[in-house]
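Work through the exercises below with the structure open. Each task is followed by its solution in steps.

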Amino acid sequence: MSNRISVFCYVRPWNADQFSLLARRMSPNARVIRCSEHSKVDEAGVPPAYYANLKRAVFQQDLGLSGISEAEIVDVIKRCRLLRKLPNNEARRHVWAMGTAIAEALDKFRPSLVLSLTIDSYVMDLLRLLAQTRGVRFVGFIGTFVNGYYRVSARGEPNFNSAADLSIVPELKAKLLKDDYAPAFNVKSLSRPRRSVYRRWAANVARVPYFWLKRLAGGDYYNYHYWVSQLISTEQFHLYPPSDPGDALWTQRLCNVKRPSLFIPLQMFPECTVDYWCQDVRVIDYYETLNQLVEKLATRFHVVIKEHPSVMGSRPGGFYAALSRDERVTVVPTYVPSNEVLRSVDGVVVWTGSVGFESMLRGKPVFGLASPFYASGDRFRVIDKDPDIEAMLRHVEVCKAKPVTEDEQEAMLTHLARQLFKGDFINDGSWTLNNPQHVSQAERVVQSFIQCEFGLPL
């Protein structure tokens, strides 16, 4: 092998050009190698090695991976939306086959850096772990709920930007406290809500046969994306477009309750912000945890639930019907702004969702089933699936008695701003190399990233 520095970038067909450009701009003198489970964009030899290893794994007694502990293998399986649905032996077989293929690629090319999206699959998780055992830095990119800024995070953890511009704090405060503020990724769903639901429903119906045929006829039966897309689209199949489960009289119901109210804004699931950002793996069984939590909270609180506007229609069959009939909760119509709901409730419960930050900023107590990157200050409390209800009630009363101060807000916003990088990181599959605006956006992402003291190989 040459002494030339190598950079791996984990890619999929729809972002291969984007990440190749990012890697070349970050490390102009390096050899950029695409690593993927998709054969048509992979340059590291991972897919053929993976399939060869799957055959070998049938006769393999030890399905462990060198440098990765048993606890880490178990964690990889539990967090992956595909592997956790498989029998354990089959899941371990795929972990060993893919992990061995990735390890061989890392040892062959010896990259100094791995660039990736934030982790949302076992393939990426294994790449992170195996790079880590070799002392290779893994950098994951993700957009944020603050329009115009992105973060660097492998599994949701906070990473602080040494070159962060803290002068943006007043701008952030003005922006995030607007009643009509919406992250860019929600804008399309909010502008034409019913059309978005129909489009999402029709796309999901089409995905069921499409990915089944793609796996059977495409010569890539165990491709992660095809396989998991078939499974999830089947789970979320609705024969007809679902109706909004919200109650138009939700404000009247809230006015008539005597108990303090807690708002649970639903999150997308399966999704990396639940699967990989929650420290406690027990809470990532989203629907079971939601049901257990509502059962416990409803004994002392009035529980308020609202669907995410970009998710409406993408739930398991029967979910919305059951939710609309659930007498334990008040369901707010999906397209009512969350900030409007916040004015009517006493506290908020989240996994990792951004509504938690918006709530803290307004002085509401926030209870998290995880500690998300934005968590700071005295208003945030971590709870588990079986929370201490009395402690929650006390926290609600304490926060109600102490209106949020400007100093508190500034501290929260500063904590957030220290993790932000200037730039629009596009992660919706729309990025194209022949769009000058997209190229310019990617170059701004690189510019803000390299200003931070990451010690990139140049």
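Phe 141 and Phe 449 are both buried. The model is a predicted one.

**Exercise 1.** Classify the ring pair of Phe 141 and Phe 449, and state which elements the pair ties together.

Solution. Step 1: the ring centres of Phe 141 and Phe 449 are 5.5 Å apart, and pairing requires centres within 6.5 Å. Step 2: the planes meet at 55°, so the pair is tilted. Step 3: Phe 141 belongs to strand β4 (residues 137-143) and Phe 449 to helix α18 (residues 436-450), so the pair links parts 308 residues apart in sequence.

**Exercise 2.** Over which rings do the charged ends of Arg 215 and Arg 418 sit?

Solution. Step 1: for Arg 215, the ring is that of Tyr 221, with the charged end 3.9 Å from the ring centre. Step 2: for Arg 418, the ring is that of Phe 160, at 4.3 Å from the centre.

**Exercise 3.** Describe the second largest pocket by volume and lining.

Solution. Step 1: the second largest pocket holds about 180 Å³ of space. Step 2: its lining residues include Trp 14, His 38, Lys 40, Lys 214, Asp 220 and Tyr 226. Step 3: by class, the lining has 3 nonpolar, 5 polar and 3 charged residues.

Terms used. Residues are numbered from 1 along each chain as its sequence is written. This is a predicted model: local features need pLDDT of at least 70, side-chain atom pairs count only at pLDDT 80 or more; totals for chains, interfaces and linings use all residues. Side-chain values use heavy atoms; hydrogens and water are left out. On a 1 Å grid over the protein atoms alone, a cavity is a set of points where a 1.4 Å probe fits but cannot get out, and a pocket is an open set with protein on both sides within 12 Å along at least five of seven lines; lining residues have an atom within 4 Å of a point. Grid points are joined across faces, edges and corners, and a volume is the space filled by probe spheres set on the points. Ala, Val, Leu, Ile, Met, Phe, Trp, Tyr, Cys and Pro count as nonpolar, Asp, Glu, Lys and Arg as charged, and the others, Gly among them, as polar. Rings of Phe, Tyr and Trp (its six-membered ring) pair if their centres lie within 6.5 Å; planes under 30 degrees apart count as stacked, over 60 as edge-to-face and the rest as tilted. Helices (H or I, at least four residues) and strands (E, at least two) are DSSP runs, numbered from the N terminus. Buried means under 20% relative accessible area, exposed over 50%, partly exposed in between (1.4 Å probe, protein chains only). A charge sits over a ring if NZ of Lys or CZ of Arg is within 6 Å of the ring centre and within 35 degrees of the ring normal.
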